[in-house]
Amino acid sequence: MRLQHVLLSLGACRVYTDLADLQPKDCDAIFDSGQSLALKTWLGDATPPMVVLQDTSAPQVMGGHGLVLSTDFYYQDVLEVLYRLQLGRERGAVVANEPLVGVSSAVAELRRLSAQVADKAVTVLITGPSGAGKEVVARSLHDLSSRRDAPFVPINCGAIPRELLESELFGHERGAFTGAISSRAGRFELAEGGTLFLDEIGDMPLEMQVKILRVIQERQFERVGSDKTRTADVRIIAATHRNLEAMISAGQFREDLYYRINVFPLNVPALAERREDIPHLVRVLSKQLEAEGLGRLRLADSALRSLSAHGWSGNIRELANLLERLAIMYPDTVVGFTDLPENYRYGEDSWRPELQPLTEKAQGGFGGDGEPSLPAAGIDMKAYFQRLEREWIAQALDAHAGVISKAASHLGLRRTTLIEKMRKLKI
């Protein structure tokens, strides 16, 4: 029953519990505890995706499509299952690990183009704002290519001093410059047979751009201080947040290098352009934080709605930093709207205590005219409103035989808001 309420509250699912209402071919997925013989008979030879509902106290059993939902789930766990099912419909099979997270049309297009170019021996230029996930796209291209078993070597062209960048890229021989006490391989050699990711190539000095252009054209280079020519069997992926065409006009970037690296362009959208992906990114990033030992971070629906309204000038990097802060502040608890930093709160919390009582029993603390009266000895407002809220919710549930949707309507709340408050108040 709880799963049915959560699926219906998402607004994009139609839920059937009676087998007589539909045919197996009409199902996008079936949630099954594995105990129903009637379900197996009804399915026959049909094989829709199955999501196994499993008690956490029982030994873990993987479902036929690798989808398992524990019986003590949180609604973000349901989001994860639905996300995998949607990817499965796009690709014809449920995807176990998807590096490009999201269900937006922008991410779907990025995923499609990446699959087309991943195994081609061409240079790719990835553009997009800082923190949007350009390196994730580059790693995805490498993992999908025939070079996946060879190294993926990243280098940030803007983070290395220009006098050291040549040595970092091509390596150097002993004594080539002051401090070169031994020979050292550069990134091109380290990436042999694999992929070299030139991040922020727009920050590369002009004199280095000439040398990179030669390597791309001739597939050859020399270490600093050596006259021995070495070959480079490397696939190059470049990325930048800058407008390279404007930099060409300003004389800050070589036009011939631009056309060499821009064989197949990919654009990573800003997070503000793909707000529908935020719940899925929260899910993935929260799992990473949990794996790092920071505890399980769970966001209430009101908090997710507020985050979806934020501008995210720092993109996914900003979101990851915020979630890490919340995981440290609220480990293994539900983070609500008021728990968010003030600059991440948009709109208002969907709940406000009503001052009009449901029954005479709830009139404690109010004067005869219905206006609140402050006790002379003072009051713990938080505890008072929690008691009042718990009492009213209990009365509304009793009045409507436990039907949450009707109780929520009686209280002037949305069903999802009432479910969230019941969970917080442990009702």
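Guide: Let's begin with the whole chain, then settle on one helix and the cores.

What you see is a predicted model, in which local features need pLDDT of at least 70 and side-chain atom pairs count only at pLDDT 80 or more, while totals for chains, interfaces and linings use all residues. Residues are numbered from 1 along each chain as its sequence is written, and side-chain values use heavy atoms, leaving out hydrogens and water.

The protein chain has 16 helices and 14 strands. These are DSSP runs numbered from the N terminus: helices are H or I with at least four residues, strands are E with at least two. Of its 427 residues, 43% count as buried, meaning under 20% relative accessible area with a 1.4 Å probe and protein chains only.

Our helix is α13, residues 315–329. How far apart should the ends of its 15 residues be? At 1.5 Å a residue, they should span 21 Å, since the expected span is 1.5 Å times one less than the number of residues. The C-alpha atoms at its ends are 22 Å apart, which agrees.

Now turn to the side that faces inward. The buried residues of α13 are Asn 315, Ile 316, Glu 318, Leu 319, Leu 322, Leu 323, Leu 326 and Ala 327. An α-helix has 3.6 residues a turn, so residues three or four places apart point the same way. In the list for α13 you can find Leu 319, Leu 322 and Leu 326, for example.

What do they pack against? The partners of these buried residues are α11 (278–291), β13 (298–299), α12 (301–308) and β14, where contact means heavy atoms within 4.5 Å.

The largest has 30 residues, and Leu 169, Phe 188, Leu 198, Ile 212 and Ile 261 touch the most other members. Elements that each supply at least two residues of this core include β8 (195–199) and α8 (206–218). The biggest contribution, five residues, comes from α8. Apart from this core lies another, of 23 residues, and Leu 322 is among its members, along with Val 284, Leu 299 and Ala 303. That brings us back to our helix, where Leu 322 is one of the buried residues.

Technical notes. Buried < 20%, exposed > 50% of the residue type's maximum accessible area, 1.4 Å probe, protein only. Core = buried A, V, L, I, M, F, W, Y, C linked by side-chain atoms within 4.5 Å.
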